[in-house]
Amino acid sequence: PILLRSSGEMVRLSVGGPPFGLPPLSDSALTHESAHVQLMPGDLLFIFTDGLLEAENDGGEEFGNARLLSCLESARTESASATLHTVMAAVNQFVGYTRQHDDITCFVLRITE
């Protein structure tokens, strides 16, 4: 997840554990860390699956973190819906007609006053 503060600061939220839905690789119980973050008016929370960053073009190049961060920066003041549209349009333009091997799921939340 990425938190884009209304000030322009981008924060990578990294507390967690193994992705949900994956089978455990051992018999021990899976644990997930938790954390708290205060969302303020104007902040944008962008949660996504790995399929977004791993989307490939016809040259085998991945969309990657830098392109995502650039999209989020350009959509800094947009609504959640417009931000999602901006990101997905960029991914679609990048991959073109290349068949993808993973799904892309995104959750976008814009905090309003």
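**Figure 1. Burial and overall layout of the chain.** Buried residues make up 26% of the 113 residues in this chain. Buried means under 20% relative accessible area, exposed means over 50%, and partly exposed lies in between (1.4 Å probe, protein chains only). This is a predicted model: local features need pLDDT of at least 70, side-chain atom pairs count only at pLDDT 80 or more, and totals for chains, interfaces and linings use all residues. Residues are numbered from 1 along each chain as its sequence is written, and side-chain values use heavy atoms, with hydrogens and water left out. The chain holds three helices and four strands. Helices (H or I, at least four residues) and strands (E, at least two) are DSSP runs, numbered from the N terminus. In order from the N terminus, the elements read β-β-β-α-α-α-β. The C-alpha trace spans about 45 × 40 × 20 Å along its principal axes. The chain exposes about 7600 Å², and carbon and sulfur atoms supply 54% of that area. Accessible areas come from the Shrake-Rupley method with a 1.4 Å probe; for residues, only the protein chains shown count as cover. Contact means heavy atoms within 4.5 Å. Among contacts between residues at least 6 apart in sequence, 68% join residues at least 24 apart.

**Figure 2. The largest nonpolar core.** A nonpolar core is a set of buried Ala, Val, Leu, Ile, Met, Phe, Trp, Tyr and Cys residues joined through side-chain atoms within 4.5 Å. The largest one has 17 residues. Which of them touch the most other members? They are Phe46, Phe63, Leu68, Leu72, Val87 and Val91. Two or more residues each come from β1 (2–4), β3 (44–48), α2 and α3 (80–95). Helix α3 gives the largest share, five residues.

**Figure 3. Phe46 and its neighbours.** Phe46 counts as buried because its relative accessibility is 0%. Leaving out residues up to four places away in sequence, Phe46 touches Pro1, Ile2, Leu68, Leu72, Val87, Cys106, Phe107 and Val108.

**Figure 4. Two aromatic pairs.** A pair of aromatic rings is described by the distance of the centres and the angle of the planes. Rings of Phe, Tyr and Trp (its six-membered ring) pair if their centres lie within 6.5 Å; planes under 30 degrees apart count as stacked, over 60 as edge-to-face and the rest as tilted. The whole structure has two such pairs. The rings of Phe46 and Phe48 have centres 5.6 Å apart and planes at 40°, so this pair is tilted. Phe48 is buried, at 16% relative accessible area. Phe63 and Phe94 form an edge-to-face pair, with 5.6 Å centre to centre and 75° between the planes. This pair links distant parts of the chain: Phe63 sits in the loop between α1 and α2, Phe94 in helix α3, 31 residues apart. Phe63 is buried at 2% relative accessible area. Phe94 is buried too, at 17%.

**Figure 5. Asn57 in its loop.** Asn57 lies in the loop between α1 (50–53) and α2 (64–74). Is Asn57 buried or exposed? Asn57 counts as buried because its relative accessibility is 13%. Not counting residues up to four places away in sequence, Asn57 touches Phe94, Val95 and Thr98.

**Figure 6. Two salt bridges.** A salt bridge is a side-chain nitrogen of Lys or Arg within 4 Å of a carboxyl oxygen of Asp or Glu. A search of the whole structure finds two. One joins the side chains of Asp43 and Arg5 (2.6 Å, N to O). Asp43 is in the loop between β2 and β3, and Arg5 is in the loop between β1 and β2, 38 residues apart. Both Asp43 and Arg5 are buried. Glu61 and Arg67 also meet through their side chains in a salt bridge (2.8 Å, N to O). Glu61 is partly exposed, at 40% relative accessible area. Arg67 is partly exposed, at 31%.

**Figure 7. A nonpolar surface patch.** Ile47, Phe107 and Leu109 form a nonpolar patch on the surface. Together they have about 240 Å² of accessible area. Patches are made of residues with over 30% relative accessible area and no salt bridge; like charges are joined within 9 Å, nonpolar side chains (Val, Leu, Ile, Met, Phe, Trp, Tyr) within 5 Å. Ile47 lies in strand β3 and is partly exposed, at 33% relative accessible area.
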